[in-house]
Amino acid sequence: MLEQLNEALEHIEDRLDQPIDVAGLARIAATSEYHLRRMFSALAGMPLSEYVRRRRLTVAGAEVLDGQDSLLDIAVRYGYGSGEAFARAFRAVHGIGPGEARRTNATLVSQPRLAFRLTVEGSGSMRYRVADRPAFTVVGLRARVPLVHSGPNRAIIDFVRGIAPRDLERLEELSDQEPRGVVAVCDGLDPSRAEGTELDYWQGVITSRVAPEGMATLAVPAGTWAVFSASGPVPGAIQELWRDVFTQWFPSNPYRGRPGPEILRTRLSPDGSEGEAELWLPVERGRGGHGTRPA
């Protein structure tokens, strides 16, 4: 799969001055558009759209300094409808406007071309299983929160702290399906998975029972789930589990992500510093078997 991802990167590089068709990139990478965006974000540390934008403005920056074409011509070539829009985007990446950069021959920021390589690290085996589940329902309390890739998510912490103990007890009593107990559910994530984009965060349970008054429900269709287990310091061990799933497990197994909620069951130590986690991710078998490589 890494070879196909690199082919997709070459396709981007050849078309920086043209619209990028993400569905076409997914076909080159032999995966779905949804999974391509998630894989790219996990491997590259930035959304696919951000990488394309930075590469375009890197190449555009070189042309600005070269001085042969007008700034408007460069703006139009790289997909900006006006000089003002180009100037705003240019300044966001380079910290200086294109006109001033040309006049002063300024030092600009360069986004290097990416290439994905396989690194063998001996970091140990991942514990996982695959489960086919009929349709089920999440019942619980919901909040709209920003996505945070590293460190505590204050919005989630404040939301959970604000839940009355009695409400958590009511939820526990409703739990009658795996994963048991109160779980965290992330739904409605932005396809880019960019830091700061918003998602629906639930504290809820998987249940066949009717939701009590004041609680919301999320209907989840039948499908296949990959279930991963990890333990260690909180929140680091849990965030590292998410990272390892996308940078190690998916490239090495014949599955890809599919749209759907992501479910995390956590059990903390008495002092809250350590935890055991079980992560449920919606998956489907990739085309052609191992690593989603086509036949």
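**Close-up 1. Arginines sitting over aromatic rings.** In this predicted model, R258 lies over the face of W225, and the distance to the ring centre is 5.3 Å. There is another case at Y255: the charged end of R285 sits over that ring, 5.7 Å from its centre. Y255 also belongs to an aromatic cluster, shown in the next view.

**Close-up 2. An aromatic cluster.** Y128, F228, W249, F250 and Y255 come together here as one aromatic cluster. Two of these names turn up in other views as well: Y255 has the charged end of R285 over its ring, and F250 is among the α10 residues that meet α3.

Close-up 3. F40 is in helix α3 (residues 33-44) and Y51 is in helix α4 (residues 48-66), so the pair ties together parts eleven residues apart in sequence. Both F40 and Y51 are buried. For F159 and Y201, the ring centres are 6.0 Å apart with the planes at 85°, so that pair is edge-to-face. This pair links distant parts of the chain, with F159 in helix α8 (residues 154-161) and Y201 in strand β4 (residues 198-207), 42 residues apart. F159 and Y201 are both buried too.

**Close-up 4. Helix α3 against helix α10.** Two packed helices are described by the angle between their axes and the distance between the axes. For α3 and α10 (residues 236-252), the angle is about 130° and the axes are 9 Å apart. With 65 to 115 degrees counting as roughly perpendicular and over 145 as roughly antiparallel, α3 and α10 are therefore oblique to each other. On the α3 side, the contact is made by H35, R38, M39, A42 and L43, which meet F246, T247, F250 and P251 of α10. Sorted by class, that contact has six nonpolar, two polar and one charged residues.

**Close-up 5. Helix α4 crossing helix α6.** The axes of α4 and α6 (residues 83-94) come within 10 Å and cross at roughly 100°. That makes α4 roughly perpendicular to α6. From α4, the residues involved are R53, R54, L57, T58, A60, G61 and V64, and they meet F86, A89, F90, A92, V93 and H94 in α6. The class tally for this contact is eight nonpolar, three polar and two charged residues.

**Close-up 6. T266 in strand β8.** T266 has its place in strand β8 (residues 262-268). With a relative accessible area of 25%, T266 is partly exposed. Leaving out residues up to four places away in sequence, T266 touches I238, E276 and A277.

Close-up 7. The peptide bond from E178 to P179 is cis, with omega near -5°, and P179 lies in the loop between α9 (165-174) and β3 (183-187). A30 isn't a glycine, yet has a positive phi of about 60°. That residue lies in the loop between α2 (22-28) and α3, where A30 is buried at a relative accessible area of 3%. N105, not a glycine either, has a positive phi of about 50° and is found in the loop between α7 (98-104) and β1 (127-133). N105 is exposed, with a relative accessible area of 54%.

Key: Residues are numbered from 1 along each chain as its sequence is written. This is a predicted model: local features need pLDDT of at least 70, side-chain atom pairs count only at pLDDT 80 or more; totals for chains, interfaces and linings use all residues. Side-chain values use heavy atoms; hydrogens and water are left out. Helices (H or I, at least four residues) and strands (E, at least two) are DSSP runs, numbered from the N terminus. Buried means under 20% relative accessible area, exposed over 50%, partly exposed in between (1.4 Å probe, protein chains only). Rings of Phe, Tyr and Trp (its six-membered ring) pair if their centres lie within 6.5 Å; planes under 30 degrees apart count as stacked, over 60 as edge-to-face and the rest as tilted. A charge sits over a ring if NZ of Lys or CZ of Arg is within 6 Å of the ring centre and within 35 degrees of the ring normal. Axes are lines fitted to C-alpha atoms, for helices over the stretch in contact, and angles run from 0 to 180 degrees between N-to-C directions. Angles under 35 degrees count as roughly parallel, over 145 as roughly antiparallel, 65 to 115 as roughly perpendicular and the rest as oblique. Contact means heavy atoms within 4.5 Å. Ala, Val, Leu, Ile, Met, Phe, Trp, Tyr, Cys and Pro count as nonpolar, Asp, Glu, Lys and Arg as charged, and the others, Gly among them, as polar.
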